[in-house]
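My entries follow the order in which I looked things up.

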Amino acid sequence: MAEVKLTPNKEIDLKVEADVITPDEFAGKGKSEIEQLLVWQGPSQYPLSDFFDVEGEGGSSAEDTTIVINGDVSRVKLIGAKMTAGKIIVKGSTGMHVGSQMAGGEIVVEGDADSWPGMEMTGGVLHIKGNAGDHVGSAYRGSWHGMKGGRLIIDGNARSQIGGGMTGGEIIIGGSIENFCGIRQTGGLIVVKGNAIRAVGAEMSGGTIVIGGNIQKFTPGMQNEGEESDLEFEDIKCSGTFKKFRGDFAIAKNPKGIVYAGKETNPDL
Amino acid sequence: MVVKNVVCPVCGGSCEDIQVELKDNSITVKNACKMGNGKFQEVVSEHRIKDPMIKKDGKFVKVSWEEALDKAAEILANSRRPLLFMGSETSCEAQEVGLHMGEYLGGVVDSNATICHGPTCMGIQEAGLPTSTCGVAINRSDLNIYWGTNPLASMPRHMSKYGLFPRGYWTKRGRFDRKVITVDPRKTDTAVASDLHIQLQPNSDYELLNALLTILNGKTPHHSVEQVTGIAISVMEEMVDMMLEAKFGSINVGLGAGSSFGKHRNIEMALNLVKELNNNHGTKFRIGALRGHCNVAGFNQIATYLYGYPFALDFARGYARYNPGETSCVDLLREKDVDAALVLGADLVGHTPADSAKYLCQIPMVCIDIAPGPTPSGADVLLPGVIDAFECDGTFYRLDNVPVYFEPFTDSPFDFTKSNEDTMKQLFAKVKELKEKA
Amino acid sequence: MKFLLNTGSTIDEGRLAKGGNKYSEEYKKECAVCWISPEDFDLLGCPEKVKVTSTDGRYSIVVNTKCTDRVMCGNIFMPRAIWSNVVVNPWTFSTGSPLYKGSPVTVEPSDDEVLDAEDVVLKLYYGGE
């Protein structure tokens, strides 16, 4: 497998949009061709080599290409957008839209990710080892369909609107979350190990959400359906006892969304 | 001479019945509210910004119009990513020039909605807008709901002109034919004047709306909602009953819904509530935002018909892209993702949070304004503003998105510009000249 | 003490702002004010002035107090103006709109001077330059 190493070579002031950093773009290209790929900064385009030192060359196909970003790229947006195969490893934090609309392959971010990681993704694996911002795996503004497939793993915390409009795939969050997780969800699975602030599963009509920790402000349109223990969703297991709710009855007469909330962590629900 | 039917350029109410009598050093105003009268006095005020100025070594120095305009054009033409903020205290015609200039420069164009009813625009994109003009509400509404707004302070004549007192075709007895519900964590004057005051906990609007819809759908909301909102489920049921008994309800949402936690989701849920009432419960409702700033609705209208999005338009790639949180003014400034700014008719330094305001003061900034204030203080080039509806003609959009054409009752006090539209056009021409030279 | 900060219009804030009087004493008197409920006002020791500090502790502003039952316990209100916006949470939840209503803040009694609007710009935003 061919590996291309990108090392940031200067402090970035205005944010850069680098949707060319994908195995699909790098495949079949030599070092100098990769250096000449254009990225956006404001209304201007510059070669990739203005921002990164490039080492190595792309493989024969996207599957054969691994990109390693050696440093912090928190002011670089759209890394791995629309990628279909191959691998990207970011040894730092990324800016907005990492893995946006990705369809296959794998992205590993060792630091944090800004908002919109995995927006409307349809396949592949996006693993963020730090924290993430808003709109993880969600739909774009005004769109009804968020993440459709693949797996999104966040080891740390994430903020609001996680899995908005999600129709398939899995989101697994190791830490805590804030508001409107699974808003308008119609399918797929969201598992959160930590706490949530408010509006879990608001306006959902299908799919499943599991919250292991405490939910501060519960969604009023949820109706209790008893308890269940040791949940299993194919390879994902959630041990312990959970209170089960169906909803959101605010938005539909017969919704099929399911929220599980940890029994011991939510004595008031 | 008394001039009648003058349009007021202060809030989204766009009152069109103001009478003014302008004498040498005084102006007499009839029909305007306290806020409106305040602005009308600007025509004769002492503190009006009358001279173009440039900041040199931290101090403002009076310069010629040409020099100020050259400097302003230089700042914009040399910028790698300018922010053009088209404030609401000016006409659509001036804002339109700003949009075109933003497209030309590949910059970002935003307007007051971004720090006002931006979340409302976003909620509308999520759920659609079941609305009507205020005229329909005058003639039909027998229930008025003020949600997160205190019109007695932000749009003082709303109650008398549109909301509560006007006598319409089916509401001949005015106030006596109407009930009023106010939803507000604060006991405002509006709340005191209402039939029912829902004093909810701050940041719980979404839960309350969600619970109302759950009740409409025949279920009892989860019991935790009482603790979250501070409102008993029985009171929510009473509110739903009042809504179902109404022949025609009018919901007026303010920033209490749009700017608290939940933001566009609060609005989206309110829109869903209106749709549900209209579709399945034999009553009719409308919803509208109380647009606090003069022509804040106008920018949303023209930006949408020209470029497809209501605010936060990023032209970096030559076409408009829109993503609030990424391409919106407060976020761009907080993230230091622009390097120069043009602010027309808005006090951004005074009305954005400290991080954003501070960065705005650090970057080169051109300001077009009429009176001293935080933003003029933070500017590098200060161009005197012309007061729309007093000194030049143009178009505002009223709170219910009705365009209102206005005519002046006096002239621009300057020989170098006739209106803000004129200033923007002169500036755009200079910017083009510099760009084409380079 | 921790509070939720609500900001918004008042009629005189509107009158003075629209009249171009943002640098007047009257505007400062109307807007550099923190409304506190009687219970909380007592708990704070009935101070004449308070220092309000932003959620992240990075910014604070000193303003006069107004004791009123118009706000609920645990909440404070400040007219929308440069003083309140110094401590409004700049995070926008990816909506572009900061938390003008419901920002968590800290309030403590203070003897410091209440800055004029112009001084807020010069001292806080220009760092005294």
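I took helices (H or I, at least four residues) and strands (E, at least two) as DSSP runs, numbered from the N terminus. The model is predicted, and I noted that local features need pLDDT of at least 70, side-chain atom pairs count only at pLDDT 80 or more, and totals for chains, interfaces and linings use all residues. Residues are numbered from 1 along each chain, chains are lettered from A, and side-chain values use heavy atoms, without hydrogens and water.

**Entry 1: helix α5 of chain C.** I listed the buried residues (under 20% relative accessible area, 1.4 Å probe, protein chains only) of α5(C), residues 117-125, as C:Ala117, C:Val120, C:Val121 and C:Tyr125. They lie on the same side of α5(C) because they cover an arc of only 95° around the axis, taken from the directions from the helix axis to the C-beta atoms. I found them packed against α16, α17 and α18 of chain B, and also against β4 and α4 of chain C. Just after α5(C), C:Gly127 has a positive phi of about 60°.

**Entry 2: chain B against chain C.** I found 61 residues of chain B and 48 residues of chain C in the contact, which means heavy atoms within 4.5 Å.

**Entry 3: charged pairs.** I looked up salt bridges (a side-chain nitrogen of Lys or Arg within 4 Å of a carboxyl oxygen of Asp or Glu) and found six across this interface of chain B and chain C. One joins B:Asp347 and C:Lys22 at 2.6 Å, N to O. Helix α17 of chain B (residues 354-362) gives the largest share of the side of chain B that touches chain C, five residues.

How values were computed: Buried means under 20% relative accessible area, exposed over 50%, partly exposed in between (1.4 Å probe, protein chains only).
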